[in-house]
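I'm jotting down what I look up as I go.

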Amino acid sequence: MEANWQRRIELPALERGALEGALRAAGVTAGLRTYTPLPGGLVNLNVAVALTTSPSAAVFRVYLRDREAAAKEAALLAHVRGLVRAPEVLAKGELELCVAGEPADRPWLLLSWVPGRALSDPFGALDEDGLRRAGYSVGEALARLHACATPDLGFLDASLDVPSPMGSLCETWRHYLGGLLREGPAVERLDATRRRALQAYVLQHADELEPLEGRWSLLHADCKPTNVFVDDSGALTGLLDWEFAWSGPPLFDLGQMLRTPLPAPYEAALLEGYREEGGLLPAGWRHAAHLLDLMNLIGFLAQEGAGAR
């Protein structure tokens, strides 16, 4: 679905000297062999770096849009370490970069290299056993993550607290989608017939989320095949990109993962691994998961400055 999406932020140029200076200032003593911008990701700058000492490979991740996202992601990666496979923070700091003509200090993290490839790439290359291995390991990881109960519905800060709880899930869902469909860019990008149908759909189905109220967990919240890395056998090597993580209903992550059709062996094993590791799939869970993902889908249409793709 996202293969041809456009970046909302143009990638700035990163000079070798600036990168080396940032690493030295953060206490990284290894020399820099090579650095190569990585594809993927629509917001931040990710650069593969080869160093002269161990670890010989890492990712230099610069946060271009949200300064607080760096501290939040660092806290999250420390929190989930040992629970799910994810990058480790090796160093952090700031460096000046010019984005859209505006120079500013941008926070960065040096992350351990996650081997393998994005799950979206090997789908066609994995045999049935590999697809099942991938699905089961991802299901297990999500169940372990969702076992991290949180007290409130809402966005996390760098302390992994929810400073502004949202309250009711049903009301939040109805109000958020209702607002996007009433005014703003999404209204301009939807034809009137579809917009009215969506408005009616939101009013009709909001109450179906009521059984999920009060059962909040730590969510990855960007859980899609492009952020899941596996090895050639299909085994999970890491979940990437945690900056959007929040506290909410566990089915939100499943809604993202099941947004587009997946290979049948992978999907079946995903649900099996999730259940066997303790994840809960209540009656009507699949429709509830898609209802939750509707916040993402309409949210994409509501983004200011989004490109045509």
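Predicted model: local features only at pLDDT ≥ 70, side-chain atom pairs only at ≥ 80, totals over all residues.

**Starting from one leucine**

I started with Leu180, which sits in helix 4 (residues 169-182). Helices here are DSSP runs of H or I with at least four residues, strands are runs of E with at least two, and both are numbered from the N terminus. Residues are numbered from 1 along each chain as its sequence is written, and side-chain values use heavy atoms, with hydrogens and water left out.

Is Leu180 buried or exposed? I found it buried, because its relative accessible area is 14%. (Buried means under 20% relative accessible area, exposed over 50%, and partly exposed in between, with a 1.4 Å probe and protein chains only.)

Next I checked what Leu180 touches, skipping neighbours within four places in sequence: Ala186, Val187, Ile298, Gly299 and Ala302 are in contact with it. Contact means heavy atoms within 4.5 Å. Ile298 is 118 residues from Leu180 in sequence, yet their C-alpha atoms are 7.3 Å apart.

**Whole chain**

I then zoomed out. The protein chain has nine helices and 11 strands. Of its 309 residues, 48% count as buried. Among contacts with a separation of 6 or more, 69% are between residues 24 or more positions apart.

**Rings**

I looked up aromatic pairs and got four. Trp246 and Phe252 make one that is edge-to-face, at 5.2 Å centre to centre and 90 degrees between the planes. For pairing, ring centres of Phe, Tyr and Trp (its six-membered ring) must lie within 6.5 Å; planes under 30 degrees apart are stacked, over 60 edge-to-face, and the rest tilted. Both Trp246 and Phe252 are buried.

Which peptide bond did I note as cis? The one from Ser54 to Pro55, with omega near -5 degrees. Pro55 is in the loop between strand 2 (45-51) and strand 3 (57-62).

Leu160 isn't a glycine, but its phi is positive, near 65 degrees. I placed Leu160 in the loop between strand 7 (154-155) and helix 4. With a relative accessible area of 25%, Leu160 is partly exposed.

Asp241 also has a positive phi, about 60 degrees, without being a glycine. Its loop runs between strand 10 (236-239) and strand 11 (246-248).
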